[in-house]
Amino acid sequence: MEKLIGKDINELTSIAEQIGQKPFVAKQIAHWLYTKRIHSIDEMSNLSKQCRNKLSERYNIGLKAPIKVTVSNDGTKKYLFDVGIDTPEYIESVYIPDSDRATLCVSTQAGCRMGCKFCFTGGLGFHRNLTSSEILNQIFSIPESNTLTNIVYMGMGEPMDNIDNVLKSLSAMTSSWGCGWSGSRITVSTVGLIPGMKRFLSESDCHLAISLHNPFDDERLSIMPIQRAYPISKVLDSLDDNLFKHQRRLSFEYICFAGANDTIRHARELVRRLGKRHCRINLIKYHNDGTGEFIGSSQQQMEWLCNYLNDNGIRTTIRRSRGEDIMAACGMLVAKETKES
Ligand code: SF4
């Protein structure tokens with residue numbers, strides 16, 4: 001059975017033709033999938049019984065509920081999905097409620113090949129790309145699906161390394177035939193894969209977040225191998241400021257490591273490199289992975305860095321740490337489940 005979730009309007013039009021229907025039926029199917037978010041083809045009540053039967057011969061909706069949820073004291077929930085075909089293959093999503101916002105952090109790959117040294121997922125290695133259907137399933141199959149206000153593509157995997165499926169899922173989220181969300185409600189992160197990033201900038205209007213973590217080339221290389229192929233200076237050069245002047249936002253993610261990237265030397269270099277850009281920096285507390293190889297900055301040092309950057313013209317915030325008690329660092333729950341299964 002093929003899944004309907006994740007199909008774009010062109011694919012749905014071909015499916016409508018295959019079952020002997022007019023092209024407008026594709027829009028009706030898309031409405032059921034992306035606006036009504038139904039779970040069975042039988043619920044498509046404005047399609048004839050014969051049409052629904054024909055559709056059901058080859059397709060199903062394709063939604064698959066998470067197999068586990070872990071709930072934090074602060075309301076953050078970590079969902080575990082099994083996307084395996086013959087053997088289990090786990091991915092995770094994190095639901096983060098916060099006063100008037102409800103954000104879901106989704107994965108784009110099972111594992112990741114980028115190998116960032118501080119990242120648990122990086123240590124799991126690359127397994128495979130997720131399909132657009134598997135990316136959207138994380139959004140549509142959780143109980144909070146209809147209350148989400150924001151989506152961030154910052155879970156397991158590097159989105160620009162799976163750009164076709166990421167763009168297809170974004171198109172379903174933002175197109176008028178799909179969920180009709182504004183691109184400003186979705187942020188996609190990258191370590192700086194320039195080819196994928198360029199396609200993302202030209203083919204979507206969602207926000208971009210670049211994982212920076214160190215402004216010095218040699219120091220960044222020691223924790224992020226991607227720096228060798230795509231140095232951060234080239235990544236910055238490739239960004240056209242005009243793309244970020246209006247609705248689209250450019251931000252830099254910066255995990256703070258004690259003494260390693262939170263000193264005055266780093267602060268000055270951040271201002272030198274980013275000061276003239278229309279951007280913001282999110283300082284992130286490091287979730288200790290238990291190896292002791294990396295140590296997160298103190299709250300006091302993060303506040304100092306935040307104030308320094310704001311005083312020097314870069315809008316900077318400290319992202320509130322969420323779900324620490326449920327292993328919210330990306331990939332930790334998957335690693336635990338894989339070990340136990
Ligand atoms: Fe991959 Fe992101 Fe982890 Fe780097 S930080 S290894 S890109 S999941």
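**View 1. Arg 248, a buried charge without a salt bridge.** Arg 248 is buried but makes no salt bridge; the nearest side chain of opposite charge belongs to Asp 205, 6.5 Å away. Here, buried means under 20% relative accessible area, exposed means over 50%, and partly exposed is in between (1.4 Å probe, protein chains only). A salt bridge needs a side-chain nitrogen of Lys or Arg within 4 Å of a carboxyl oxygen of Asp or Glu. For charge, Lys and Arg count as positive and Asp and Glu as negative, while His and the chain ends are not counted. So what sits by the side chain of Arg 248? The backbone oxygen of Ser 204 lies 2.6 Å from one of its polar atoms, and the backbone oxygen of Cys 206 lies 2.8 Å from a polar atom of the Arg 248 side chain. You'll find Arg 248 in the loop between helix 10 (232–237) and strand 12 (250–256). Helices (H or I, at least four residues) and strands (E, at least two) are DSSP runs, numbered from the N terminus.

This is a predicted model, where local features need pLDDT of at least 70 and side-chain atom pairs count only at pLDDT 80 or more, while totals for chains, interfaces and linings use all residues. Residues are numbered from 1 along each chain as its sequence is written, and side-chain values use heavy atoms, leaving out hydrogens and water.

**View 2. Strand 10, covered on both faces.** In strand 10 (residues 186–190), five of five residues are buried. Ile 186, Val 188 and Thr 190 sit on one side, with Thr 187 and Ser 189 on the other. In a regular strand, side chains alternate between the two faces of the sheet. Strand 9 (residues 150–153) runs parallel to strand 10, joined by three bridges, and Val 152 stands opposite Thr 187. Two strands pair if DSSP finds at least two bridges between them.

**View 3. Leu 212, tucked into a loop.** Leu 212 is in the loop between strand 11 (207–211) and helix 8. Buried or exposed? Leu 212 is buried, with a relative accessible area of 3%. Leaving out residues up to four places away in sequence, Leu 212 touches several residues, including Phe 252, Leu 270 and Leu 274. Touching, or contact, means heavy atoms within 4.5 Å.

**View 4. Helix 11 and its cover.** Among the buried residues of helix 11 (residues 264–274) are His 266, Leu 270 and Leu 274. Their cover includes helix 8 (217–223), strand 13 (280–285) and helix 12 (299–311).

Definitions and conventions
A polar contact is a pair of N or O atoms within 3.5 Å; within protein, one must be able to donate a hydrogen and the other to accept it, and residues adjacent in sequence count only if both atoms are side-chain atoms.
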